[in-house]
Amino acid sequence: MLKPKLLIDWPLTPYTGWGSYGIQLAQELLASERARPVLTSRADRSPHCNVAWLNRLDEIEAFSAKLIEYLITNPSNLVETNCELVLEPIGNLVPPQRLCGKRKVGVAFVERTALDQNFLDGLDRFDLVITGSNWNQRMLEKSGFSRSIMIHQGIDPCNFHPVATPRLINRPFVIFAGGKLEARKGQDLVIEAFRRLLKTIPDAILIGCWANIGNVGIDTISLCEAVQGSPKNGDPHAIFHWLLDQGIPARNLMIPSITANAQLPGLMKQADAAVFASRCEGGTNLMAMETLACGIPTILSANTGHLDLLEMELDHALPVGGSGVGKVPDLITKTYGGDAGGIWGETDPEEIFTVLLELHAQREKWSDRGKSSAKKMGGYTWQSCMQKLLQALEERELLTNN
């Protein structure tokens, strides 16, 4: 019996959330033998990728070679394929269709809080849409779109777990903050809270894992009142020098180079605390899930996709900014399609600062609490979430063995 072909229409790379999602989906397809993955571009062969994955990638790319080559020379054509199922990414816009298959499924991480008719018309071509958070799911349902199901992202428990690594950054307080630099991610709020913290803990250090591949939305950070201007680009060197201009001394900064997913645990585990002050998350925020899985006390803005993490009742997930929901300046939200629903959230840097002081004052207690509570993340592995996704496709007869 021939296996059905499942086409993944976005780049597979260990350096982005989308890329990790695609890699994990392809790996589950290979492991379960439910379908053959098909790619539309060559995947990233970082040495930080799993060796077994890289070996199987040769096979996948050989199987996909004709399609990949055709799309390189014909990027704007609508292409008919013999794939049973085509998976397409959906963000704040539904991209024009470029690949046809027997059935079509969208994977959506949406930051706008009201969907116009153009967006809903774009969804019509999909047999099913996979949403990444409960609020995204509710938004589609309220808009009248019924062919959707919520499935969270996952973590890789082989890498993200609470087993300690050697502490190489010897400072009294180390903070990890992640996500590509842009206004939506709220790094300006973290910067202001950290400036205040340095007045009390002058030797603290901020690990800003903020590299922005492709400079997507990086100029939006200049719209935020707590900072001035924006870096020249999303390169770590440019971000580092921009942070110096924001009044943070070089000795208090560590801005890593673009980091593959498998490299993150060793970096995260240097930290006493993690901070994610996002104004909006269409999904749960993958990096936040990973710091929680590592047992790091994690400060989360209480809005949008972060609410799913806070509702897990993890003892080391600390909410901030609950009173700021619906208060993000229009100047910021309109660059992302607006917040007509009033559910983006603005967090007061003073609140972040206060929680950081508490975590510093009782580091040992919070470290123990984090290691214990991290076990609850065991139910949110990539393997389990991808199995749920494939099961949902099979139950709806969108992926079948003919």
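Helices α1 and α13 are roughly perpendicular to each other (a class covering angles of 65 to 115 degrees). The model is predicted, so local features need pLDDT of at least 70 and side-chain atom pairs pLDDT 80 or more, whereas totals for chains, interfaces and linings use all residues. Residues are numbered from 1 along each chain as its sequence is written, and side-chain values use heavy atoms, without hydrogens and water.

Helix α1 (residues 17–32) packs against helix α13 (residues 382–395) at an angle of about 70°, the axes lying 9 Å apart; axes are lines fitted to C-alpha atoms over the stretch in contact, and angles run from 0 to 180 degrees between N-to-C directions. Helices are DSSP runs (H or I) of at least four residues, and strands (E) of at least two.

Salt bridges (a side-chain nitrogen of Lys or Arg within 4 Å of a carboxyl oxygen of Asp or Glu) number 22. One of them joins Arg 42 and Glu 61 at 3.5 Å, N to O. Arg 42 is partly exposed at 48% relative accessibility, whereas Glu 61 is buried at 6% (buried means under 20% relative accessible area, exposed over 50% and partly exposed in between, with a 1.4 Å probe and protein chains only).

Conventions:
Angles under 35 degrees count as roughly parallel, over 145 as roughly antiparallel, 65 to 115 as roughly perpendicular and the rest as oblique.
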